[in-house]
Amino acid sequence: MTEIMNSEILMGNNSNSIEKIDSLGLANSVPDFVKKLFRILEDDSYHKIIFWSDLGDSFIVRDQSELSKHVLPQHFKHNNFASFVRQLNKYDFHKMKSTEEKKRYGENIWEFKHPYFRHNRHDLLDRIKRKPPLKSRGNGLHLMPMNMNGGASPSGISETEFYSTTEDLQNQVQLLTKANTQVSKYLNQLSTYYQQMNEEVVNIKKSIQIQDQLMAEFVQYVFNSDAKKHI
């Protein structure tokens, strides 16, 4: 399998020659996420933040914070590094194990690799496909996911899957928080309405009492007037 993959990489994909390509030679069939990522890595202005490895067969994120602040919003319309990692996972990129040798790139680097994602090899990009949902894969294989250090994860959850789950939970929390805010606002409105209605009832009672008192005084006045006439 590895030999076949390597031979395909060396041969390239001749079908790209009949497809429309952009200024970087990226075919229309290349997923948008992959296109954007490739363009970012080809842009020297981001080299201090994200760049190709020396071998050109992987890329490295040196500064997560700067990537989230300056790169992701411009190209992906968000600033969530976890979401970026989640997308990489969906296209079958793998986080590489950190080694002493790679620390020369930085202490807290993130390195990602895909067999068809290579420096100056835009002809391979259309082979990168989005992974189908877990339920539809149906290949009968149950592999233990890898953790961030490259070993098997005891919990059976890879780091990218962890980020995916975390982001989903964060989105749910945000939705619940928003719903809770709306409910609280509605309850406050009901409370205000109740207070207003209660004040109206009190005012009506006072008005009725005043009317009753006036009526009683009027009746007493009429009674006294009639009594004087008969004296």
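This is a predicted model: local features need pLDDT of at least 70, side-chain atom pairs count only at pLDDT 80 or more; totals for chains, interfaces and linings use all residues.
Helices (H or I, at least four residues) and strands (E, at least two) are DSSP runs, numbered from the N terminus. Residues are numbered from 1 along each chain as its sequence is written, and side-chain values use heavy atoms, with hydrogens and water left out.

A residue is called buried under 20% relative accessible area, exposed over 50%, and partly exposed in between (1.4 Å probe, protein chains only). Buried residues make up 28% of the 231 residues in the protein. Some of them join into a nonpolar core, meaning a set of buried Ala, Val, Leu, Ile, Met, Phe, Trp, Tyr and Cys residues joined through side-chain atoms within 4.5 Å. The largest such core has 32 residues, and Leu 37, Phe 59, Phe 84 and Phe 117 touch the most other members. At least two core residues each come from helix H2 (32–42), strand E1 (50–52), strand E2 (59–61), helix H3 (64–76), helix H4 (81–90) and strand E4 (110–113). H2 gives the largest share, six residues.

Next, look at the aromatic rings. Rings of Phe, Tyr and Trp (its six-membered ring) pair if their centres lie within 6.5 Å; planes under 30 degrees apart count as stacked, over 60 as edge-to-face and the rest as tilted. The whole structure holds 15 aromatic pairs. One of them joins Phe 81 and Trp 110 edge-to-face, with 5.1 Å from centre to centre and 85 degrees between the planes. This pair links distant parts of the chain, since Phe 81 belongs to helix H4 and Trp 110 to strand E4, 29 residues apart. Phe 81 is buried at 8% relative accessible area, and Trp 110 is buried at 7%. Both rings also belong to one aromatic cluster, whose members include Phe 33, Phe 38, Trp 52, Phe 59, Phe 84 and Phe 117.

Some rings have a charged neighbour as well. A charge sits over a ring if NZ of Lys or CZ of Arg is within 6 Å of the ring centre and within 35 degrees of the ring normal. Lys 95 lies over the face of Trp 110, 4.9 Å from the ring centre. Arg 104 does likewise with Tyr 105, at 4.6 Å from the ring centre.

Side chains of opposite charge can pair when their charged atoms come close. Here a salt bridge is a side-chain nitrogen of Lys or Arg within 4 Å of a carboxyl oxygen of Asp or Glu, and the structure has three. Arg 104 bridges to Asp 54, with the closest N and O atoms 2.8 Å apart. Arg 104 sits in the loop between strand E3 (94–95) and E4, and Asp 54 in the loop between E1 and E2, so the pair ties together parts that are 50 residues apart in sequence. Arg 104 is exposed at 53% relative accessible area, and Asp 54 is exposed at 56%.

A second bridge joins Lys 113 and Asp 57 (3.2 Å, N to O). It too links distant parts of the chain, with Lys 113 in strand E4 and Asp 57 in the loop between E1 and E2, 56 residues apart. Lys 113 is partly exposed at 30%, whereas Asp 57 is buried at 16%. Asp 123 and Arg 121 form another salt bridge, their closest N and O atoms being 2.8 Å apart; Asp 123 is buried at 17%.

Asp 92 has a positive phi of about 70 degrees although it is not a glycine. Asp 92 is in the loop between H4 and E3 and is partly exposed at 30% relative accessibility. Asn 120, also not a glycine, has a positive phi near 65 degrees. Asn 120 is in the loop between E4 and helix H5 (134–137) and is exposed at 52%.
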